[in-house]
Amino acid sequence: MQDAVTTIAVTSQSGRADAAGRLRLIGRNVFPFVVVGALWEIVAWADIFPRRLFPTLEEVALSFVNLTVAGILPHHAIETVIRLLTGFSLAAVIGVTVGVLMGRSRPAEDIFLPLVSIGAPIPGLAYAPLFLLWFGLGNISAVLLVGFVASFPIIFNSWTGVKAVKEIWLRSAHAMGADDRRMFRHVILPGALPYILTGLRLGLAQAWRVLVAIEMLAAVPWGLGWMIFGAREFLNTDVMMAGIAVIGIIGLTLEKLVFQKIEDYTVVRWGMVAA
Amino acid sequence: MTETGQRTRSLLRAVMTLTAAACVYELLARSGYFAAALLPTLPNIAQTLVASISDGTMIEHAIYTLYRVMFGFGLAVAVGIPLGILMARFRAVENFFLPLVSTLMPIPSFALVPLFMLWFGIGNLTTILIVFYAATFPMLFNTWSGVRSVNPLWLRAAGAMGADEHSLFWKVIIPGASPFIITGMRQSFLRAWIAVVGAEMIAASDWGLGWVIFDAKEFLNTDTMLAALVVIGGIGYLFERLVFGSIEHATVLRWGMMRSAKG
């Protein structure tokens with residue numbers, strides 16, 4: 001998934017050698033957006049579609065700035081991010097615990113695997129109305145659903161990761177006299193970490209997708225999903241576009257800043273994957 | 001312990017777990033502590049499921065959902081594979097589409113549902129387009145990286161043996177990239193399946209499994225909701241296992257591109 005982003009980052013680093021090459025690179029990355037933007041503007045100004053439904057880019061930018069200055073957009077965004085982080089932390093704690101337990105003990109695996117295998121193939125949002133009935137409209141349902149849905153990839157990856165730790169590492173650590181505690185901390189955990197991080201990454205992506213949708217359904221007072229959905233009622237297409245842009249930016253930031261940093265600090269540093 | 005002995009024991013434990021979970025649920029449902037409308041008993045759910053299947057409503061809902069998923073997924077495959085191949089083969093195409101795709105990808109498909117509802121109304125078109133949007137990216141990326149990762153040695157060997165562009169493409173590049181392409185189809189179907197349920201809930205029409213669940217909520221028909229949930233999970237599992245599993249068997253495993261570890 002993040003191949004594209006990484007490729008761009010890598011090319012931009014090697015292109016840093018000479019200024020002309022760098023400029024060309026920026027130009028190359030900007031060019032497609034200019035083309036698409038120009039097409040958009042032409043369609044918008046040509047009044048093929050009603051202006052209300054197909055606003056020009058200036059209108060979108062204007063409402064983006066207006067909403068940001070008024071503090072409405074940041075408020076929505078902050079509420080969404082808080083919800084995301086709460087739900088995701090819930091999923092991370094439960095997911096890693098259950099996954100590691102499943103990887104380490106056979107009975108735990110036999111107990112949890114059937115439950116997880118049955119729950120996982122059902123799309124997360126299909127549970128949404130059920131959660132709404134059980135926990136009511138609002139924050140609790142949204143956070144619980146996000147946590148529930150995000151925990152599946154985390155469980156699966158932690159489980160696979162612990163099982164994929166090389167037998168020979170375990171035996172050599174054992175032969176060198178490591179007790180259970182040290183074995184876990186110094187061998188199993190680092191060995192499984194690349195998988196666990198992949199799981200967390202997938203879980204976060206999953207959480208993010210579900211959160212936007214559940215915010216539309218759960219009637220929370222603030223939140224980007226709700227903002228977009230509410231703007232539809234008043235045909236505020238420009239507000240919707242601004243909201244979608246913020247959602248995209250947050251998604252990209254989570255991926256690039258949070259997870260790449262964590263990976264750099266842990267697995268890359270320990271030499272588990274090539275930088 | 002022998003392998004079979006271990007497996008029977010695992011199976012036995014799995015059955016025991018599921019039975020225990022069902023018993024706990026049944027006890028909770030019958031205890032009367034929760035409202036019966038919110039927590040229907042298992043026989044109740046089974047009854048609803050059987051009734052709705054035998055009078056054909058559930059099947060019709062499922063057909064609507066499958067139609068939308070297949071249409072959107074088909075479009076995603078039809079766009080994703082050629083574009084992915086073009087991006088991997090031609091520098092200019094890659095330079096143009098990669099920045100656009102990387103920007104659009106982090107936007108969840110559900111965020112576009114309200115916008116598409118305004119543009120395309122409620123119903124099939126919006127749902128299919130949302131499915132298409134959700135399913136295209138995994139397809140595109142896997143095809144792209146699959147074609148890029150074809151072993152250059154094979155290309156040179158085929159070239160040295162006198163393969164022309166045409167046979168190089170069909171006999172080397174396509175089979176070489178096929179494990180990635182099939183993984184892409186699998187992922188993109190999964191995405192499509194998730195997207196269709198969500199899109200049907202928000203952009204509610206009259207038919208579709210997602211709509212059933214959401215509509216049942218209004219009338220507190222929890223048994224209908226759970227029955228639809230079972231159908232959704234069942235269809236998803238069926239496709240994942242049977243359809244994509246057998247495609248994998250018929251192609252990449254047969255060609256020896258991948259060992260059968262994935263089952």
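In this predicted model, the C-alpha centres of domain 1 of chain B and domain 2 of chain B are 32 Å apart. The domain assignment places domain 1 of chain B at residues 1-34 and domain 2 at residues 40-262. Chain A is likewise assigned a domain 1, covering 1-48, and a domain 2, covering 53-268. For chain A, the centres of the two domains, taken over C-alpha atoms, are separated by 29 Å. Where these domains of chain A meet, domain 1 contributes 8 residues to the contact and domain 2 contributes 6 residues. On the domain 1 side, α2(A) gives the most, with 6 residues. By class, that side of domain 1 of chain A consists of 5 nonpolar residues, 2 polar residues and 1 charged residue.

The overall build of chain A can be considered next. Chain A has 11 helices and 0 strands, so that its order of elements from the N terminus reads α-α-α-α-α-α-α-α-α-α-α. Along the principal axes, the C-alpha atoms of chain A fill a box of roughly 75 × 60 × 30 Å. Of the 275 residues in chain A, 36% are buried. Among the contacts in chain A with a separation of 6 or more, 72% join residues 24 or more positions apart.

One pair of helices in chain A illustrates the packing. Two packed helices are described by the angle between their axes and the distance between the axes. Helix α4 (residues 72-104) of chain A packs against helix α7 (residues 139-163) of chain A at an angle of about 30°, and the two axes are 6 Å apart. The crossing of α4(A) past α7(A) is right-handed. The residues of this contact comprise 18 nonpolar, 10 polar and 3 charged.

Helix α4 of chain A also holds L101(A).

The contact between the chains takes 46 residues from chain A and 46 residues from chain B. On the side of chain A that touches chain B, the elements giving two or more residues are α1 (3-14), α2 (19-45), α5 (106-119), α6 (128-135), α9 (180-217), α10 (224-233) and α11 (237-268) of chain A. The largest share of this side comes from α11(A), with 8 residues. Classified by residue type, the side of chain A that touches chain B has 35 nonpolar, 5 polar and 6 charged residues.

In soluble globular proteins, nonpolar side chains tend to be buried together. Which residues surround A192(B), leaving aside its neighbours within four places in sequence? A192(B) is in contact with V69(B), G72(B), F73(B), A76(B), V131(B), A134(B) and A135(B).

Two further positions in chain B complete the account. L155(B) is situated in helix α7 (residues 152-160) of chain B. Because 15 other C-beta atoms lie within 10 Å, L155(B) is partly exposed. Beyond residues up to four places away in sequence, L155(B) touches V150(B), L168(B) and V172(B). F169(B) is 14 residues from L155(B) in sequence, with a C-alpha to C-alpha separation of 9.4 Å between L155(B) and F169(B). The other position, Y67(B), belongs to helix α3 (residues 57-89) of chain B. Y67(B) counts as partly exposed because it has 16 C-beta neighbours inside 10 Å. How far from Y67(B) is A157(B), and what separates their C-alpha atoms? The two residues are 90 residues apart along the chain, and 44 Å separate the C-alpha atoms of Y67(B) and A157(B).

Notes: Residues numbered from 1 in each chain as written. Chains lettered and ligands numbered in written order. Predicted model: local features only at pLDDT ≥ 70, side-chain atom pairs only at ≥ 80, totals over all residues. Contact = placed C-beta atoms within 7 Å. Helix = DSSP H or I, 4+ residues; strand = E, 2+ residues; numbered from the N terminus. Nonpolar A, V, L, I, M, F, W, Y, C, P; charged D, E, K, R; others polar. Domains from an automatic or database assignment. Buried ≥ 20, exposed ≤ 12 C-beta atoms within 10 Å, placed from the backbone. Axes fitted to C-alpha atoms, helices over the stretch in contact; angles between N-to-C directions. Left-handed = near helix turned anticlockwise from the far one by under 90°.
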